[in-house]
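Welcome! Please take a moment to look over the sequence and the model, and then let us walk through them together.

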Amino acid sequence: MLYAGTVNSAETLFEKLKEKMKMSKGDFTTLGASAHSKEEREENDFYATDPKALEIFLDETGIELRNVWECACGEGHLAKVLDARGLLGRASDLIDRGYGVTESNFYYSSEIWEGDILTNPPYGDAMKFCQHALDCVDEGSKVVMLMRIQFLEGQRRKPFLLANPPKYVYVSSSRLLLAKNAYFVKYNTPSANCYAWYVWEKGFKGETTLRNET
Ligand SMILES: C[S@@+](CC[C@H](N)C(=O)[O-])C[C@H]1O[C@@H](n2cnc3c(N)ncnc32)[C@H](O)[C@@H]1O
């Protein structure tokens, strides 16, 4: 861990992270990598996460999770890690990708999930996914999302973030591998994007703590 700090407000957090985002753009040019254009995007936003990303997150943060719902599980790259640790409660996805409960549109779920929610959500409208996840859990339960660091910026997301400050943002210092359609062999170059784990604890209204992990 390079540093751990508490920032004074969500506004300050945006400023602090701007610096990091500039770095991302620099790396982006150097690596000659490209972000996904609309045309290139997989239709239902299927980008499988390297399971190591979750192993590192769980090991380094020591975060305590219970009865976790992986609500956009894809082929189960994250769900299998949770399952191996006895943390998985449910895995579901809109599409049948051979894992978990299929044809399950997360937005149609109206029940309160008695546990935590964790996923790498579809990027199309990640904020809507986060909001719905928060609506689905009880006070004190966690919503954990792996998303680009750019989630912290933007006029549209600002009111959401101010109303729902994440308790922690763990920035990944290494470029994680998220493979389109789970083609890990084909897409084995480091990502052009910087990712972070966003941890909400429903009801938390304090200051966000920003941390760096491997
Ligand atoms: C970025 S991929 C992540 C897959 C998996 N969580 C992982 O990390 O390997 C997003 C997944 O969300 C699923 N998805 C998209 N819209 C959804 C919805 N409304 N409800 C449930 N799953 C959805 C897609 O089918 C895709 O598998």
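Two residues are said to be in contact if their C-beta atoms, placed from the backbone, lie within 7 Å. Helices (H or I, at least four residues) and strands (E, at least two) are DSSP runs, numbered from the N terminus. What you see is a predicted model, in which local features need pLDDT of at least 70 and side-chain atom pairs count only at pLDDT 80 or more, while totals for chains, interfaces and linings use all residues. Residues are numbered from 1 along each chain as its sequence is written.

How far can the model be trusted? The predictor's confidence in each residue, from 0 to 100, is its pLDDT; the chain averages 82, and 72% of the residues score at least 70. Over residues 1-8 the pLDDT is below 50, and over residues 20-36 it stays under 50 too. Where pLDDT is low, the predicted coordinates should not be read in detail.

Let us start with helix H2, residues 51-61, whose buried residues are Ala53, Leu54 and Phe57. They lie on the same side of H2, because they cover an arc of only 95° around the axis, taken from the directions from the helix axis to the C-beta atoms. A residue is buried if 20 or more other C-beta atoms lie within 10 Å of its own, exposed if 12 or fewer, and partly exposed in between. The cover over these buried residues includes strand S2 (47-49), helix H3 (79-84) and strands S6 (142-148), S7 (168-172), S9 (195-201) and S10 (209-213).

Just after H2, Gly62 takes a positive phi of about 65°. Further along, in the loop between H2 and strand S3 (68-70), comes Asn67, with a positive phi near 40° although it is not glycine. Asn67 is partly exposed, with 14 other C-beta atoms within 10 Å.

Not counting residues up to four places away in sequence, Ala196 touches Met147, Ile149, Val169, Tyr170, Val171 and Ser172.
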